[in-house]
Number of protein chains: 2
Amino acid sequence: MDDLKLPVTVPSTALFTDQYELTMVQAALRAGTAHRRSVFEVFTRRLPEGRRYGVVAGTGRVLDAIESFTFDERVLGFLRERKIVDEPTLEWLSGYRFGGDIWGYPEGEVYFPGSPILRVEGSFAECVLLETVILSIMNHDSAIAAAASRMAVAAGGRPLIEMGARRTHELSAVAAARAAYVGGFHTTSDLAAGFRYGIPTAGTAAHAFTLLHDSERAAFQAQVESMGAGTTLLVDTYDVTKAVQTAVEVAGPGLGAVRLDSGDLLLMAHRVRQQLDELGARDTKIVVTSDLDEYAIASLAAAPVDAYGVGTQLVTGSGHPTCSMVYKLVARSGSDDGSDAPLVPVAKKSMGGKSSVGGRKWAVRRLDEDGVAEAEVIGSGDPPSGLSGRQMLVPLVRDGAVVGREPLEAARDRHVEARGGLPLSATQLSRGEPVLPTEYI
Amino acid sequence: MDDLKLPVTVPSTALFTDQYELTMVQAALRAGTAHRRSVFEVFTRRLPEGRRYGVVAGTGRVLDAIESFTFDERVLGFLRERKIVDEPTLEWLSGYRFGGDIWGYPEGEVYFPGSPILRVEGSFAECVLLETVILSIMNHDSAIAAAASRMAVAAGGRPLIEMGARRTHELSAVAAARAAYVGGFHTTSDLAAGFRYGIPTAGTAAHAFTLLHDSERAAFQAQVESMGAGTTLLVDTYDVTKAVQTAVEVAGPGLGAVRLDSGDLLLMAHRVRQQLDELGARDTKIVVTSDLDEYAIASLAAAPVDAYGVGTQLVTGSGHPTCSMVYKLVARSGSDDGSDAPLVPVAKKSMGGKSSVGGRKWAVRRLDEDGVAEAEVIGSGDPPSGLSGRQMLVPLVRDGAVVGREPLEAARDRHVEARGGLPLSATQLSRGEPVLPTEYI
């Protein structure tokens, strides 16, 4: 495989892995314990402070990553040269393909502390290798989707444009655009996200374009001549009132939109709306950008704003850029031959926190008599027969074959439905407790 | 180009771009202004709150990204199909290669508000296209390097292991490991970072490995038999005191290290050190991990800790996951034919903030008589003849050819030197003002 000059040159996802996963496999292979049937679960011990719910995102990317998790000659050569693992382990890795089962909360679903978001079952060795890449994807994507969901609530039905590519790693940006779409954004400025995931793309113009030209009028003329009157003109490079006047003179009352990127957006939106109306440009929309977060969006609810462009605060998770999801061994067989001997629940027990609940778990979202969610019920073994509600885990991978792939739109639609099924206080932006209690049976 | 099942399938960096860059090129091509000679600069208006200095990182990745910034048939096909730009623009993009000049602060250098971290010169069209990918890389990598630098100061000379891959996007993780290395980390757990950038890798073991086995003793035996007595055993799955006893019994007094990942690390480190010494394992090291940041690291300065593993707080920039760097047109020619007509300084002027200083800039770090930095002096035109100090901008790209590539070690060494040349208060972890004032001439 040639060096493609991509940000990394690995043609597989197998190296998105912490070194200790491989050395643990080596030690377990030698000890004869590598093939013990094991169950790992992804969950969080808590939500980010003040958040009412989490949003599952990245599941589709996890499925892609698992399919590409193979060790080719270049990767094996690297591991050999660096002496990271021994020859028997390299031999085992060379034939690696995940052959187990994965169940999980479907993408777009909401989750709560302790929710078994993903359950990975197979031999210890085949499951432990996936820890890092699964957590990387889900911790990142779910953080962005959670921020996006809050912003979508704050925006009501107004369109949200994802514009954060420049504020985060260039490939995080692509995943962030995808997660934002799941969380309720409508478009992205990131062309790679359009290319890779088919997300609708959008764009306006930058101050540089106005500054390039000899006058603001010349810049607007250049843009309208090329893009048509339906384009969005950026009106805050010099004086906003003059710019709006010029914009309508140049484009006519059919001007698509103007963008405000600085100043007091509430005040400016009212003024610009009035001015546009007076100029007869009643259908010209107002797009606002400039360090928006869910609170700033909410504060503009009463302003004549038609769309929000959001960058930094979206791609950094609005204060919570990661979700603290962990991947823990919760049960394993005592039989070294990989047979279906009874699974033994296991959990870290030391004092000082970070303890977890052992056992292979199910989860049910219990509903009240009006059909509104009232608790996340989690247990191991068989669910009690009287327990009614929605089973949360769905099959994603069966015997190594992906069975849970779906269009991105399905995850996006599911999120709206899942959030809509929560108590109304879920959509409060103010800090508070998780909107559903977690009950262990 | 086949679908490589990488997280994105683009074989170039050209789509790590906001849509408006391309539509601005289209409008400027049509208006005849696309070839006006232009100067763009990367800078920040402020440092993250309380920080004393910033750290330039990602420069080497920017150079890679610019070399790969070309539009192949698949990319052009996408832009055509989505009707993002018109045919003349597609034609122009198909021949695109950046052919201008780039100067910048070398990687590892420190920066302050207003520092012209990167200066990109060429035609408007060729420069504006690079905005998003340059900012993505530098905003991310510099945020991580700044956090790493503070942690390195806090750690004194003790080794720092980067372990954050699971807390951020899988490719951000690779870049984060690189930036952390520039900022002063010693190793990474991320195998892809070892593969791609040659960074030394390290690893220990997880609780899952202990839980897999029938007893802690069996797990330690398995690890020591496979990895040798020099390995690092994780001792906080059950009872730390018993685990340390077992660890030395299994590995002998030549045990490499033990890792503590939970609880009161200060207290535990003292206890475990005493116990190890009593067991004769005087050379066995203690590695601590568990949500460390620069403050937690500093609080362990007096503890018998030999190395720190840092994850979440490193890869999320310790509270500041992005640097708010911007890419602004600061000067351009009024001549449409691309000739070297005089450059006109330009800057956004509207009220409401976000204004910037026009003109193609130089920067000098002025030193006091003891050779300690005392001010970041920035101006345009010719520097005053009496001004002495270090010229901050170095050539990185000349006529489109990369001239500033260097080994990662050079950036890492430079950072130590640059930080060492600042007033001593730079290394205070407490919140404060930038340690150097920015002076505009």
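## Two chains and the contact between them

In this predicted model, a rotation of 180 degrees, with 0.0 Å of shift along its axis, superposes chain A on chain B with an RMSD of 0.0 Å. That is the relation of a two-fold axis. In general terms, two copies of a chain are related by a rotation about an axis and a shift along it.

A reader new to the structure may start with chain A on its own. The secondary structure of chain A comes to 15 helices and 19 strands, and its C-alpha atoms fill a box of roughly 80 × 60 × 40 Å, taken along the principal axes. Of the 441 residues in chain A, 62% are buried.

One element to look at within chain A is strand 5, which covers residues 118-123. Because 6 of the 6 residues of this strand are buried, strand 5 of chain A is largely enclosed by the rest of the structure. Strand 5 of chain A pairs in the antiparallel sense with strand 1 (residues 37-44) of chain A over 6 bridges, and in that pairing F40(A) stands opposite V120(A). Strand 5 of chain A also pairs in the antiparallel sense with strand 3 (residues 101-104) of chain A, over 4 bridges, and here D101(A) stands opposite E121(A). In a regular strand the side chains alternate between the two faces of the sheet.

In soluble globular proteins, nonpolar side chains tend to be buried together. The largest nonpolar core in this model has 161 residues, and the members that touch the most other members are F71(A), L79(A), I134(A), F71(B), L79(B) and I134(B). Taking F71(B) as an example, and not counting residues up to four places away in sequence, this residue touches A14(B), L22(B), L76(B), L79(B), L93(B), S94(B), Y96(B) and L129(B). A second, separate core of 57 residues includes L265(A), A426(A), V435(A) and L436(A).

How do the two chains meet? Since 100% of the interface residues of chain A are also interface residues in chain B, the copies meet through the same surface. The contact takes 111 residues from chain A and 111 residues from chain B, and the two chains bury about 9600 Å² between them, 60% of it on carbon and sulfur atoms. On the side of chain A, the residues that lose the most area to chain B are R166(A), L191(A) and F195(A), which together account for 9% of what that side buries.

Another salt bridge is formed by D236(A) and K348(B), whose closest N and O atoms are 3.9 Å apart. This pair crosses from the loop between strand 8 (232-234) and helix 11 (240-251) of chain A, where D236(A) lies, to the loop between strand 13 (343-345) and strand 14 (361-367) of chain B, where K348(B) lies. D236(A) counts as buried at 1% relative accessibility, and K348(B) is likewise buried, with a relative accessible area of 5%.

Other salt bridges lie within chain B. R259(B) and D261(B) form one in which the closest N and O atoms are 3.6 Å apart; R259(B) counts as buried at 6% relative accessibility, and D261(B) counts as buried at 11%. E439(B) and R366(B) form another, with their closest N and O atoms 2.9 Å apart. This pair links distant parts of the chain, since E439(B) in strand 19 (residues 438-440) of chain B and R366(B) in strand 14 of chain B are 73 residues apart. E439(B) is partly exposed at 28% relative accessibility, and R366(B) is partly exposed at 23%. Salt bridges that share partners join D18(A), E21(A), E131(A) and R166(B) into one network.

A last stop is V153(B), which has its place in helix 6 (residues 131-155) of chain B and is partly exposed, with a relative accessible area of 24%. Leaving aside neighbours within four places in sequence, V153(B) is in contact with Y53(B), R419(B) and T427(B).

Notes:
Residues numbered from 1 in each chain as written. Chains lettered and ligands numbered in written order. Predicted model: local features only at pLDDT ≥ 70, side-chain atom pairs only at ≥ 80, totals over all residues. Heavy atoms only, no water. Least-squares fit on C-alpha atoms with pLDDT ≥ 70 in both. Contact = heavy atoms within 4.5 Å. Buried < 20%, exposed > 50% of the residue type's maximum accessible area, 1.4 Å probe, protein only. Helix = DSSP H or I, 4+ residues; strand = E, 2+ residues; numbered from the N terminus. Pairing = 2+ DSSP bridges. Core = buried A, V, L, I, M, F, W, Y, C linked by side-chain atoms within 4.5 Å. Buried area = accessible area lost by both parts, 1.4 Å probe. Salt bridge = Lys/Arg side-chain N within 4 Å of Asp/Glu carboxyl O.
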